[in-house]
Amino acid sequence: MKASSVIKLDQAALQSNWKFLKTYFNKTKISAVVKGNAYGHGISTYVPMAEACGVNHFSVFNASEAYEVYEVASANSTIMIMGSLDEQDIEWAIANGIEFYVFTMERLATAINTAAKLNKKAIVHIEIETGMFRTGFEHAEIPELITHLKNNTDTLIFKGLCMHFAGAESIVNYVRIKKQKIGFKKAIKAFKEAEVMPETIHACCSAAAVRIPDMHYDMIRIGIMQYGFWSGPEVLIEYLNKHNLEESPLKRIISWESTVMSMKEVPPGEFIGYGTSFFSHQSMQLAIVPVGYAHGFSRSLSNTGIVLINGRRAPVIGTVNMNCIAIDVTSIGDVKINDTVTLIGMQGEHEVSVASFGEMSNQLNYELLTRLPKGIERKMV
Ligand SMILES: *Cc1c(COP(=O)(O)O)cnc(C)c1O
């Protein structure tokens, strides 16, 4: 059966990104964050590709993502769950050696009880609240936590002590980030003084890893950068200025392609597609492409999106439909059914980057990537 589009992942680009990350971060241990279906790249295709680049630590948000990683990852890769887990998930995680965050006393108790039942230790990362106000133990809870960790060494492995920054990608959060640093250091000190120390301390996501190198500790958790994107323009510009570079050293690994489904001649003076949002002033040649908002091509790209056909840029005409779009190819000429249409990626000299696609549709790279539906086939190239 012919799929209406395919997402291709470039192994050579990924190799280059991981080489850069390892060098740039001075060989600090890196966990590859693959939540959100590996930022839309597709966990089952992406994880083995990353392993081929020497990656052996993967972080996800919940148990079902962990399960997807577990199914394809090699036995010596570590999987860490940073967010949501119910009691059954905790049982599965402990039974399979999956590491997980603990940020409530309830989850800690469940971990201890379940580990005792299974006669297998729970490998936990204690998350500290430092000012993000999402998840994490308050400073006042640390003494009680330390007691539990000390008294339950038969069921718990205290693997990690961690936190998350609340917007390290933007300088406007400077004061808040600074407070978070102080809060985390204070927490580490409390654990040190009690002589209850984890194997791994970790705090930084991509933006923090670039901007706050004194907070790298034993491991950093890199999401967006491994896929070839920066957390935001400030981080990229700061990096380029600091290193006197013109171009990002990171390469996009994703491209998204479809093909022309049919061609349509439109006479002058007609409305095109649903409603009256586009009116033909001249006779036009349209290429109809079988990708729409149901496939993650946002409706807000109506009359503004750009795709590549025959190495040329061509605009989306009219509204994005659920399953297709119309592309104006009048000035390109010689477009035929089955010609390749690039929705994200390169053709010749031109590129539709997710960022420019993102700017056009007012979404961030993060959101746009993770919205690419799971149903689209991912192919390593
Ligand atoms: C998503 C996430 C990361 C990775 O963030 P990037 O900005 O993509 O590097 C790291 N840590 C936690 C807790 C996260 O939720």
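1. Helices (H or I, at least four residues) and strands (E, at least two) are DSSP runs numbered from the N terminus. In this structure, α2 (35-39) and β9 (219-222) each give at least two residues to the shell around the ligand.

2. The model is predicted, with local features needing pLDDT of at least 70 and side-chain atom pairs counting only at pLDDT 80 or more, while totals for chains, interfaces and linings use all residues. Residues are numbered from 1 along each chain as its sequence is written, and side-chain values use heavy atoms, leaving out hydrogens and water.

3. The ligand has 13 residues around it, and Lys35, Tyr39, Ser206, Ile224 and Tyr366 come nearest (a residue is near if one of its heavy atoms lies within 4 Å).

4. Among the N or O atoms facing the ligand, a side-chain one of Tyr39 is 2.5 Å from a ligand oxygen atom. A backbone N or O atom of Ile224 lies 2.8 Å from an oxygen atom of the ligand. Arg221 places a polar side-chain atom 2.8 Å from a ligand nitrogen atom. The protein buries 92% of the 390 Å² that the ligand exposes when taken alone (Shrake-Rupley method, 1.4 Å probe).

5. The whole structure holds 14 aromatic pairs (Phe, Tyr and Trp rings, the six-membered one for Trp, with centres within 6.5 Å; planes under 30 degrees apart are stacked, over 60 edge-to-face, the rest tilted). The Tyr39 and Tyr366 rings have centres 6.0 Å apart and planes at 45 degrees, so this pair is tilted. Tyr39 in helix α2 and Tyr366 in helix α12 (residues 365-371) are 327 residues apart, and their pair links distant parts of the chain.

Methods. Polar contact = N/O pair within 3.5 Å; in protein donor to acceptor, adjacent residues only side chain to side chain.
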